[in-house]
Amino acid sequence: MSKLQNMRIVEIPRFRAVSSGPHPLSELFDGENSFSRWVESHQELFMENLFEPQDFLWHEACRIDQSVWILPLKPGVTEADVAPYEIMMFPGGIFLVATADEKDDDDLSETVNQMYRWIENSDVFVYGDFPKSGMCNMPNPDGTADRAMKIAQQQIFLPLKLRSDTKATEVGT
């Protein structure tokens, strides 16, 4: 299957990022000592984007209770600048991307299931290796359009690899 059916394929390059490390979502987003509060107070460290967010969140080792959030860093940012967090090298890769309403579990499930079906039927790609859980971001975290539509758009990124790069036994994993 080669038609994208309202999805897209993106190639994300390798980049340096600050990593929250694995934490429950509440520790990433809630409270005075959360990673999101640290991010808000350190905006000068991060790569700027014109319209597409460059941060990503994924579940660590496919565990829904432990997530990692990363943001790309400007050149020259050091470990000392991001303490108590760490710098990681995001490996980049090829991803299948679709958008769903984060506030609607049925829409999220339907979208992800459609993405998995597309990968299973692809004669070009199979499911990739990192991050195994896939990843996501919010294209309009404070957006006027999302508020007007009463939704929260979530971009879902599933890792891909070329079918020719895999063994027959890995197809469909």
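**Exercise: the surroundings of Glu60**

Determine which residues Glu60 touches, not counting residues up to four places away in sequence.

*Solution.* Glu60 touches Pro22, Gln66, Ser67 and Val68 when residues up to four places away in sequence are left out; contact means heavy atoms within 4.5 Å. The model is a predicted one, in which local features need pLDDT of at least 70, side-chain atom pairs count only at pLDDT 80 or more, and totals for chains, interfaces and linings use all residues. Residues are numbered from 1 along each chain as its sequence is written, and side-chain values use heavy atoms, with hydrogens and water left out.

Glu60 sits in the loop between strand E3 (56-59) and E4; helices (H or I, at least four residues) and strands (E, at least two) are DSSP runs numbered from the N terminus. With a relative accessible area of 32%, Glu60 is partly exposed. On this scale, buried means under 20% relative accessible area, exposed over 50%, and partly exposed in between (1.4 Å probe, protein chains only). Finally, Glu60 and His23 are 37 residues apart in sequence, with their C-alpha atoms 8.7 Å apart in space.

**Exercise: the surroundings of Met138**

Decide whether Met138 is buried, partly exposed or exposed, and list the residues that it touches.

*Solution.* Met138 belongs to the loop between E8 and helix H5 (144-149). Its relative accessibility is 21%, so it counts as partly exposed. Beyond four places in sequence, Met138 touches Pro53, Glu102, Ala152, Gln153 and Gln154. For Gln154, the C-alpha separation from Met138 is 4.8 Å, although the two residues are 16 apart along the chain.

**Exercise: aromatic pairs**

Classify the pair Phe90 and Phe130 and the pair Phe95 and Phe157, and state which parts of the chain each pair ties together.

*Solution.* The rule comes first. Rings of Phe, Tyr and Trp (its six-membered ring) pair if their centres lie within 6.5 Å; planes under 30 degrees apart count as stacked, over 60 as edge-to-face and the rest as tilted. By this rule there are 17 aromatic pairs.

Phe90 and Phe130 lie 6.0 Å apart, centre to centre, with 55° between the planes, and form a tilted pair. Phe90 is in strand E5 (residues 86-90) and Phe130 in the loop between strand E7 (125-127) and strand E8 (135-137), so this pair ties together parts 40 residues apart in sequence. Phe90 is buried at a relative accessible area of 0%, whereas Phe130 is partly exposed at 33%.

Phe95 and Phe157 have 6.3 Å between centres and 75° between planes, and their pair is edge-to-face. Since Phe95 lies in strand E6 (residues 93-101) and Phe157 in strand E9 (residues 153-162), the pair ties together parts that are 62 residues apart in sequence. Both Phe95 and Phe157 are buried.

To complete the picture, ring pairs link Phe15, Phe56, Trp58, Phe90, Phe95, Phe130 and Phe157 into a cluster.

**Exercise: the nonpolar cores**

State how many residues the largest nonpolar core has, and which element supplies its largest share.

*Solution.* A nonpolar core is a set of buried Ala, Val, Leu, Ile, Met, Phe, Trp, Tyr and Cys residues joined through side-chain atoms within 4.5 Å. The largest one has 16 residues, and Val18, Phe35, Trp38, Phe46, Leu73 and Val82 have the most contacts inside it. Helix H2 (35-40) and strand E4 (67-72) each supply at least two of its residues. The largest share, three residues, comes from H2.

A second, separate core has 14 residues, including Ile12, Trp58, Met135 and Phe157.

*Solution.* Pro84 lies in the loop between helix H3 (79-82) and E5. Pro131 lies in the loop between E7 and E8.

Lys150 is located in the loop between H5 and E9, and it is exposed, with a relative accessible area of 66%.
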